[in-house]
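Please look through the sequence and the structure below. The text that follows walks through a few places in turn.

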Amino acid sequence: MGICASKQKGTGGGGKVAPAKRDVDQGSARTDSWTSSVREKGEFTALQLKSAVKVVVVVRPLLGFEKAKGASECVEVPSTTVVQLPPRRGTSSDPFRFDFDRVYKMNNPGRQMFAEVVQPLLCHFIQGFNTTVFAYGQTGSGKTFAMGTMGRQLSTSGESDGIISRSMRFVFDRMKDIRQQYDVSLKISFVEIHQDDVQDLLGDGENYAPIHVRENPERGTYLENASEILVHSMDETAHLLEAANLHRAVGAHNLNEHSSRSHAICTLQMEQRLRPGAASGPDAPRFLRSKLHLVDLAGSERAKETGTTGQQFAEGVNINKGLLALGNVIGALTEGAGRKHIPYRDSKLTRILQDSLGGNSETLMVACVSPAASNFEPTLSTLRYAARARSIHNRVKQNNKITSEEEIAYLRAELEEKTALVVKLQSQLDMAASMMKGSVSPDNIKLVMPGRSPSALAGVTSTRASFTGSGAF
Ligand SMILES: Nc1ncnc2c1ncn2[C@@H]1O[C@H](COP(=O)(O)OP(=O)(O)OP(=O)(O)O)[C@@H](O)[C@H]1O
């Protein structure tokens with residue numbers, strides 16, 4: 001029994017999903033009950049929910065170079081959900097106080113943050129809900145550290161693991177249970193937006209085709225031409241992501257010697273199909289599809305402080321442009337019902353994150369800040385931005401619909417798979433019959449177990465891949 005399921009036990013109902021704070025569509029009052037088992041109760045599938053964007057703040061420790069300069073701290077955390085900055089120097093106003101879903105001020109918040117805020121979202125991802133976790137903050141504030149896309153952080157495991165590797169490990173651990181009832185396909189893509197251009201970090205570098213952001217009513221936004229790789233294990237995934245990460249644009253400047261010069265978006269797409277004859281309730285969804293975006297944004301920066309020039313200066317301008325567009329989308333979404341136009345189209349970043357902000361996704365923002373008094377202004381700006389994001393309400397639904405074209409493609413693939421199996425078994429039967437007649441020596445016979453031969457498996461993988469690779473998401 002996996003972690004999502006064991007939590008469900010604790011809530012007093014067999015098969016109940018871990019409760020999540022959210023607003024139910026029929027009314028605006030918050031409710032703590034995630035009313036029924038998503039996977040097992042059919043009525044839930046019709047329900048749409050409003051889900052507020054959740055925001056956690058991570059205050060990193062002072063770094064060696066900051067301490068060497070005698071930096072003092074200005075960020076206080078009076079409780080686990082409150083963060084406070086003193087009034088601006090020379091003013092007598094009140095301190096700046098912000099409430100969030102959770103605030104972490106410690107060396108390695110990874111394990112605790114994952115258990116408290118990321119894991120409940122992943123339980124929903126596994127149940128067919130789109131999910132986004134994105135890290136936001138000034139350059140050098142700890143976004144890459146929190147997401148875990150630094151160096152070898154993806155394939156090693158330890159206390160300083162980031163959100164990406166913990167999430168992947170969690171999903172693969174749950175697979176053992178899910179595969180008892182469902183055929184599952186997991187596909188990964190990893191792109192970066194560098195200078196407002198989307199680049200494939202998993203591509204082979206030879207068959208380059210420009211990546212376009214597209215939209216589809218069934219599937220929301222997706223990236224045309226981005227590599228989508230079927231993955232089967234944590235190890236395989238970690239090595240893929242780590243290799244991809246080496247291609248990411250990184251540079252050194254005054255505030256960070258390994259500064260990300262691009263926004264990185266790692267996406268895991270999951271499709272689940274109920275197996276014929278699986279021992280499940282009559283209302284178990286036949287099909288589930290969900291996507292998990294894990295985003296490490298590049299940090300906002302001021303050239304005066306970073307000391308960047310030339311190419312790095314140009315990168316900084318583009319980074320800030322994308323973040324400004326993101327800020328404008330957040331601003332428009334929180335202006336209330338009067339605001340009809342949301343400027344998603346102003347940048348590739350906001351187009352890709354369209355579902356995550358105001359759309360069909362449960363979203364967690366990890367706002368990263370430096371504690372140093374010298375970073376007071378950018379920290380205040382990050383906290384204001386984050387507080388605003390917290391009032392965005394997304395409309396989240398379980399993705400359990402399949403189009404008739406997809407159903408036909410899947411059935412066709414299944415038929416091909418079965419036909420290949422029949423042909424194989426028939427040839428084995430013929431062989432056995434010839435042997436009995438004495439026309440074939442037993443030494444020339446290699447018995448191949450159905451479904452176990454490498455070629456049979458290759459057939460299965462390729463037909464499934466051709467179904468799942470049909471431009472989903
Ligand atoms: N919670 C933490 N505990 C200890 N060290 C941290 C923590 N967060 C960040 N750091 C350290 O701070 C430095 C900057 O962090 P990081 O590179 O993650 O910043 P960033 O926000 O991604 O910056 P950029 O936007 O420039 O890429 C790194 O040396 C990192 O190891």
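In which helix is leucine 121 found? The model shown here is predicted, and in it leucine 121 belongs to helix H3, which covers residues 110-126.

Apart from neighbours within four places in sequence, the residues in contact with leucine 121 are Thr131, Glu362 and Leu364. Threonine 131 lies 10 residues from leucine 121 in sequence, and their C-alpha atoms are 6.8 Å apart in space.

Next comes the nonpolar core. The largest one has 81 residues, and those with the most contacts inside it are Val56, Val57, Ala135, Met365, Val366, Ala367 and Ala386. H3 supplies the largest share of this core, 8 residues. As for alanine 367, its contacts beyond four places in sequence are Val55, Val57, Tyr136, Gly137, Thr382, Leu383 and Ala386.

Another place to look is a pair of helices. Helix H5 (residues 163-178) and helix H6 (residues 234-246) have axes that come within 10 Å and cross at roughly 155 degrees. Because angles over 145 degrees count as roughly antiparallel, H5 is roughly antiparallel to H6. Their crossing is right-handed. On the H5 side, the residues that meet H6 are Ile164, Ser165, Met168, Arg169 and Phe172; on the H6 side they are Met234, Thr237, Ala238 and Leu241. Sorted by class, this contact has 6 nonpolar, 2 polar and 1 charged residues.

Notes. Residues are numbered from 1 along each chain as its sequence is written. This is a predicted model: local features need pLDDT of at least 70, side-chain atom pairs count only at pLDDT 80 or more; totals for chains, interfaces and linings use all residues. Axes are lines fitted to C-alpha atoms, for helices over the stretch in contact, and angles run from 0 to 180 degrees between N-to-C directions. Helices (H or I, at least four residues) and strands (E, at least two) are DSSP runs, numbered from the N terminus. Angles under 35 degrees count as roughly parallel, over 145 as roughly antiparallel, 65 to 115 as roughly perpendicular and the rest as oblique. A crossing is left-handed if the near helix is turned anticlockwise from the far one by less than a right angle, and right-handed if clockwise. Two residues are in contact if their C-beta atoms, placed from the backbone, lie within 7 Å. Ala, Val, Leu, Ile, Met, Phe, Trp, Tyr, Cys and Pro count as nonpolar, Asp, Glu, Lys and Arg as charged, and the others, Gly among them, as polar. A nonpolar core is a set of buried Ala, Val, Leu, Ile, Met, Phe, Trp, Tyr and Cys residues joined through C-beta atoms within 7 Å. A residue is buried if 20 or more other C-beta atoms lie within 10 Å of its own, exposed if 12 or fewer, and partly exposed in between; C-beta atoms are placed from the backbone.
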